[in-house]
Amino acid sequence: MWMSDGPEETSQVAGEPIARLTPYELVFGEGSFEATVFPQIQEEAELRKVDPLVPLRFDFLSRSGDAVREVVPVDAPPEALEQYRRLLYHAFNFWRSGKPVYVLDSAVARYLVEAAPTLADWRLTAPNPSTYLQLPANLFWGSISPDSTPEPVDGFFATAKVTDDPLGSSYCRIEILMVLGMRRDRAGFSVIPFSTEAGPGIADDWSEAPGRDDGDDFENTLPGGEMSGLYSILTTAEALKLVARSLWYIDSFPDDVSRAAAPLHRVSFGGDS
């Protein structure tokens, strides 16, 4: 597994993989967001003493609302508004965290699926308040609905906040945004938001229970996909397992997490960079 110092870094490290262009760069990497919009959201959050890691509090910031309206296409359906809210929430906190990208190589990704490491003795945690986990290109496939055409899963935004419950025990709430369908012939991408909590007294049944009612977790559903060793993500439980196992690996094997070069070409994306 490899870590990039952020999408803005352009130096290549010899012999190490290059992070593909991230969804953050496609939408927020250029223009006024980093120079104006995000600093304004940060300033308002500090002025109002609001923690932007809490989604509802972030959404109620006036500058956040303005920013969502700036990125929502005029012809977008009403139900798309929540997806844009969640994308902005993750993008802002990703920017605020220094834009850390972790690139899973194929060997690690296959280990996390095939070995199914147990997380029973591990406490859900994240290396940064917000992180982007980039999967091997075209290895995992999913869709935004059962009737939709499967798309390659590029990766996950994972934004975490540790807080205390009324009894004083700390737990972690993690917001996740799965990103699908990033390819050369498409201007945008698909997203699926979800979240979970884990900590003392909060069962993480999803980490060990079967992710599907029928079939094995991550079992391929694409015609001919078995020949290429492809995986499918059909349920939220499967997505949570993959994210949690990735975070577990980062936390448990820090010596295996090395710096990777960010993409040298910001104008193209998809496939192997």
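Author: Let's start with axes: they are lines fitted to C-alpha atoms, for helices over the stretch in contact, and angles run from 0 to 180 degrees between N-to-C directions. This is a predicted model, in which local features need pLDDT of at least 70, side-chain atom pairs count only at pLDDT 80 or more, and totals for chains, interfaces and linings use all residues. Residues are numbered from 1 along each chain as its sequence is written, and side-chain values use heavy atoms, with hydrogens and water left out.

Reader: How many helices and strands does the chain have?

Author: Helices (H or I, at least four residues) and strands (E, at least two) are DSSP runs, numbered from the N terminus. Here there are 8 helices and 9 strands.

Reader: At what angle do the axes of helix H2 and helix H4 cross?

Author: Two packed helices are described by the angle between their axes and the distance between the axes. For H2 (residues 33-47) and H4 (residues 62-71), the axes come within 8 Å and cross at roughly 150°. That makes the pair roughly antiparallel; the cut-offs are under 35 degrees for roughly parallel, over 145 for roughly antiparallel, 65 to 115 for roughly perpendicular, and oblique for the rest.

Reader: Which residues of H2 and H4 meet?

Author: Contact means heavy atoms within 4.5 Å. On the H2 side are Phe 33, Val 37, Gln 40, Ile 41 and Glu 44, and they meet H4 residues including Ala 67 and Val 71. By class, there are 5 nonpolar, 3 polar and 3 charged residues (Ala, Val, Leu, Ile, Met, Phe, Trp, Tyr, Cys and Pro count as nonpolar, Asp, Glu, Lys and Arg as charged, and the others, Gly among them, as polar).

Reader: And how far apart are the axes of H2 and H5?

Author: Their axes are 11 Å apart, at an angle of about 95°, so H2 and H5 are roughly perpendicular. Phe 38 of H2 and Trp 95 of H5 are among the residues making this contact, which has 8 nonpolar, 1 polar and 2 charged residues.

Reader: Which residues touch the most other members of the largest nonpolar core?

Author: A nonpolar core is a set of buried Ala, Val, Leu, Ile, Met, Phe, Trp, Tyr and Cys residues joined through side-chain atoms within 4.5 Å. Buried means under 20% relative accessible area, exposed over 50%, partly exposed in between (1.4 Å probe, protein chains only). In this core of 38 residues, they are Leu 124, Phe 140, Val 153, Phe 156, Met 178 and Ile 233. Helix H8 (236-252) is one of the suppliers, and gives the most, with 9 residues.

Reader: Why is H8 described as largely enclosed?

Author: Because 13 of its 17 residues are buried.
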